[in-house]
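Hi,

Here is the structure I promised to pass on. Have a look at it first, and then read on for what turned up.

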Amino acid sequence: MTASPMTETKQNADQVLDADWWRGAVIYQIYPRSYQDQNGDGVGDLVGITSRLDYVADLGVDAIWLSPVFTSPMKDFGYDVSDYRGIDPSFGTLDDFDNLVQKAHSRGLKVIIDQVISHSSDKHAWFSESRQSRTNPRSDWYVWADAKPDGTPPNNWLSIFGGSAWQWDSRRMQYYLHNFLVSQPDLNFHNPDVQDALLADMRFWLERGVDGFRLDTVNFYFCSLGFENNPVVRPEDFNASTAPAVNPYNFQEHLYDKSRPENLAFLKRLRALMDEYPGKTTVGEIGDSQHQLEIMAQYTSGDDHLHMAYTFDYLGGEFSAEHFKAAIAATEKSAPDGWICLAFSNHDVVRHISRWSTHGQEDAFTRLTATLILSMRGSVCLYQGEELGLKEAELAFEDLVDPYGIEFWPQFKGRDGCRTPMVWQSHAANGAFSTANRTWLPVPAEHLLHAVDTQDKVDGSVLEFYRALLAFRKAHPALAKGDIELLDAPANVLAFTRSEGSERLLCVFNMSDEAAQYAVPFGLMPQGAGCPGVTAEPVDGQLKLSAFGAYIGVL
């Protein structure tokens, strides 16, 4: 059952009251395969997600982001789309999707969907036609190139998932480009017809009421048609934030296979489409180890490109005051009028508690990182289970399904460890995620100790801490949309102010596992703001912070 036109009209009117809602919003990422399985097949689905939206709304977030639910052969679990307008049967139907959007809107939640348009599945009808010949109507809808005279690929470009980025096709006697799996051929954005078709597919979802798009690999849309070899990355510029350190993809500076200047013109076309639907938003994923801040500035500056973007500064890298201060300063300098979307965890990286925390101090660390990310300048993405304090799941090799992890095991274990099912009840089979005998990924026993029912309405639990912190953020506009100014601080301490209108807050974070002291700058007299978890107060201008302690005060 779908909403009546009158209901939809009212909902749409309500949603455009603040066309700028996305700036400073908190977005809760749902990985659909792992949130709630309603039909008992071991895989999460749309009806299951809909049944849990009251829980999401109670967290106090502004929106949900759904990882892809489109029709797909699931070689990359939905990031290989074979029909951009269809719902994969494993997730449900278009009616199920419409019902989800309707219920989310009725709970005050916006809905952002994942748009994977840099590449499609090799099972998409467009590719099936394109590969038939060099002269068919869609022959140039994908990136094709002749072999070198010796039969080898056109150049040295590498796939993020391992090996050459080129795959030989015997029908066309040419190579096609795939930046990811062989079964994920890259679309040719140099062809205006391809752009038109993809924008039409996005309009289809805007007409169904979605509130925006998360754009997968947004800097991969164009490559150079000169097919020049990528140069070797300079040792001082080596960076393993986009791909794991064991992946030779990091050995190149990717000048020609992605992050091309032509992308800016397409992003203007995309923004023009979005502007036809007031109150809708875009958030782009930028993966470029050497140039990500420069690209984010280009992609989000002004009002005719993306609304916001996120990089891998905080999804990888180190957890230190020095790194965070440098990243914040670089963002403010490189993209002063751009807007960043912050995330510490998502479906592609090791959960941040496992990635960064000190053994034995995980609880304090979890609370510090929550306070920190909800105090930094930008919008925020929280990943399902983050609000429960979940760590990365340790899986046996035989339980892996992620082709990325299988390729680079054991040095890199892939993305399955952060994608295991959500845990709702500690004593129920599969944590009440599913009634199936076997779920698509196992439910870790350790996660059951942190299930929702062990924390809901329990004073001092991580879940209640997140709820209180999200309410605190909403009560302080400076945290959502305010300016940021970095302050000098001793080693291991990050300090800044956030300002919006007449409100100004002092935010101080001890990012180490040892106690620290911070001297409040002369002339500042912060007063307690009632921030959850904050117990420290300045005494004689000195702020004593426990290991992984935080302070937020009103100036």
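Start with a histidine: the side chains of His347 and Tyr79 are joined by a polar contact of 2.9 Å. Keep in mind throughout that this is a predicted model. The His347 side chain also makes a polar contact with the side chain of Gln29, again listed at 2.9 Å. If you want to find His347 on screen, go to the loop that runs between strand S12 (341–342) and helix H10 (352–356).

Is His347 buried or exposed? Its relative accessible area is 1%, and the cut-off for buried is under 20%, so His347 counts as buried. Leaving aside residues up to four places away in sequence, His347 touches Gln29, Tyr31, Trp65, Ser67, Tyr79, Arg214, Tyr383, Arg415, Cys418 and Arg419.

Next, the open space. The largest pocket has a volume of about 700 Å³. It is lined by 36 residues, and those closest to its centre are Ser241, Thr242, Phe312, Asp348 and Val349. By class, the pocket lining splits into 16 nonpolar, 12 polar and eight charged residues.

I count eight cavities of 30 Å³ or more, and the largest cavity holds about 70 Å³. Which residues line the largest cavity? They are Tyr314, Ile328, Thr331, Glu332, Ile340, Leu342, Met376, Arg377 and Ile484. Six of these lining residues are nonpolar, one is polar and two are charged. Helix H9 (residues 321–334) gives the most to this lining, with three residues.

Helix H9 is also where you will find Lys325. With a relative accessible area of 30%, Lys325 falls between the 20% and 50% cut-offs, so it is partly exposed. Not counting residues up to four places away in sequence, Lys325 touches Leu486, Leu487, Asp488 and Leu494. The C-alpha atoms of Lys325 and Phe496 are separated by 9.2 Å, although the two residues are 171 residues apart along the chain.

On to the packing. The largest nonpolar core has 130 residues, and Tyr55, Phe324 and Leu372 have the most contacts inside it. Helix H6 (residues 192–207) gives the most to this core, with eight residues. Apart from this core lies another, of 17 residues, including Trp22, Met308, Cys341 and Val349. As for Phe324, its contacts beyond four places in sequence are Tyr314, Glu318, Phe319, Phe344, Trp356, Leu372, Met376, Leu494 and Met511.

Finally, a few backbone details to check by eye:

- The peptide bond from Trp409 to Pro410 is cis, with omega near 5°. Pro410 lies in the loop between helix H12 (403–408) and helix H13 (445–448).
- Asn430 is found in the loop between H12 and H13. It has a positive phi of about 55° although it is not a glycine.
- Met173 is not a glycine either, and has a positive phi of about 55°. Its place is in the loop between strand S7 (166–169) and strand S8 (174–177). Met173 is partly exposed, with a relative accessible area of 48%.

Cheers

Notes: Residues are numbered from 1 along each chain as its sequence is written. This is a predicted model: local features need pLDDT of at least 70, side-chain atom pairs count only at pLDDT 80 or more; totals for chains, interfaces and linings use all residues. Side-chain values use heavy atoms; hydrogens and water are left out. On a 1 Å grid over the protein atoms alone, a cavity is a set of points where a 1.4 Å probe fits but cannot get out, and a pocket is an open set with protein on both sides within 12 Å along at least five of seven lines; lining residues have an atom within 4 Å of a point. Grid points are joined across faces, edges and corners, and a volume is the space filled by probe spheres set on the points. Ala, Val, Leu, Ile, Met, Phe, Trp, Tyr, Cys and Pro count as nonpolar, Asp, Glu, Lys and Arg as charged, and the others, Gly among them, as polar. Helices (H or I, at least four residues) and strands (E, at least two) are DSSP runs, numbered from the N terminus. Buried means under 20% relative accessible area, exposed over 50%, partly exposed in between (1.4 Å probe, protein chains only). A polar contact is a pair of N or O atoms within 3.5 Å; within protein, one must be able to donate a hydrogen and the other to accept it, and residues adjacent in sequence count only if both atoms are side-chain atoms. Contact means heavy atoms within 4.5 Å. A nonpolar core is a set of buried Ala, Val, Leu, Ile, Met, Phe, Trp, Tyr and Cys residues joined through side-chain atoms within 4.5 Å.
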